[in-house]
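Please consider the following structure with its sequence at hand.

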Amino acid sequence: MSTLSSQFANHFTYQERQIHYALRAVKIPEDLPLLHKWMHEPHVIPQWQLNKSETELAIYFEKMIVDDHQRLYMIQIDDQDVGYCEIYEAQRDRLSLYYLAQHEDVGWHILLGEKTVVGQGHFRAVMRMIFHFIFENSSAQKIVGEPDENVRSYRYVADEIALEAQGKIKMPEKNAILYYCYRDHFYKKLNELAIGNRMLC
């Protein structure tokens, strides 16, 4: 059955400030050792809570990869795997229990696993890449997300990537802030920022 998430390509590239960013579809079991390593990094554990054994993670990711309401991607910077991203259909996700989801709403989860890229100014570009990817590969008019309220990085970049806070939602594992990013607001913001030399394919 064709689903909204099945429209997303296996690979996507983006360039900003002469740095090459990319998404590539996760491969299991090939990517499992790296995912296992990242899930045990101190900066990842509090938010993802997946610091499990490799066998437990193998079961988790096998279930995730065959779930047809989402796609899993590795994030790359200059051809190096540095992080992980989930892109999902919000109306078919548990997030729909917390807001009135529209059929074409698309959500994301992201982690930058490699410590060498954390805090180095890549977060804005990675988020812009993900939002570009979603809008270019779907008819979504709105992207949604629910990061933990303690993850302050979203507050710092929200205006630059057209994220609009909708308020707090209480989930079993966290108190989250619900964010929307509207297609027209996103592209308007890009024009305002006059981002040059971006490459999409």
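How many bridges join strand E6 to strand E8, and do the two strands run parallel or antiparallel? In this predicted model, strand E6 (residues 142-145) and strand E8 (residues 174-182) run antiparallel and are joined by four bridges. Val 144 has Tyr 180 of E8 as its bridge partner.

This pair belongs to an open sheet of eight strands, whose order is E1-E2-E3-E4-E5-E6-E8-E7. The pairing within the sheet is mixed. The edges are formed by strand E1 (11-16) and strand E7 (164-171). Each of these has a single partner strand, so one side of each is left without a neighbour in the sheet. From one strand to the next, the twist averages 25 degrees. Across E7 and E8 lies helix H6 (residues 183-193), which runs at about 75 degrees to E8.

Attention may now turn to the largest pocket, whose volume is about 1100 Å³. It is lined by 39 residues, of which Gln 47, Trp 48, Ile 110, Leu 111 and Tyr 154 are the closest to its centre. The elements that give two or more residues to this lining are helix H2 (45-48), helix H3 (54-66), strand E5 (106-112), helix H4 (123-137) and helix H5 (153-157). Strand E5 gives the most, with five residues. E5 also has a place in the sheet, where it stands between E4 and E6 in the strand order. By residue class, the lining of the largest pocket divides into 20 nonpolar, eleven polar and eight charged residues.

Technical notes: Residues are numbered from 1 along each chain as its sequence is written. This is a predicted model: local features need pLDDT of at least 70, side-chain atom pairs count only at pLDDT 80 or more; totals for chains, interfaces and linings use all residues. Side-chain values use heavy atoms; hydrogens and water are left out. On a 1 Å grid over the protein atoms alone, a cavity is a set of points where a 1.4 Å probe fits but cannot get out, and a pocket is an open set with protein on both sides within 12 Å along at least five of seven lines; lining residues have an atom within 4 Å of a point. Grid points are joined across faces, edges and corners, and a volume is the space filled by probe spheres set on the points. Ala, Val, Leu, Ile, Met, Phe, Trp, Tyr, Cys and Pro count as nonpolar, Asp, Glu, Lys and Arg as charged, and the others, Gly among them, as polar. Two strands pair if DSSP finds at least two bridges between them. Axes are lines fitted to C-alpha atoms, for helices over the stretch in contact, and angles run from 0 to 180 degrees between N-to-C directions. Contact means heavy atoms within 4.5 Å.
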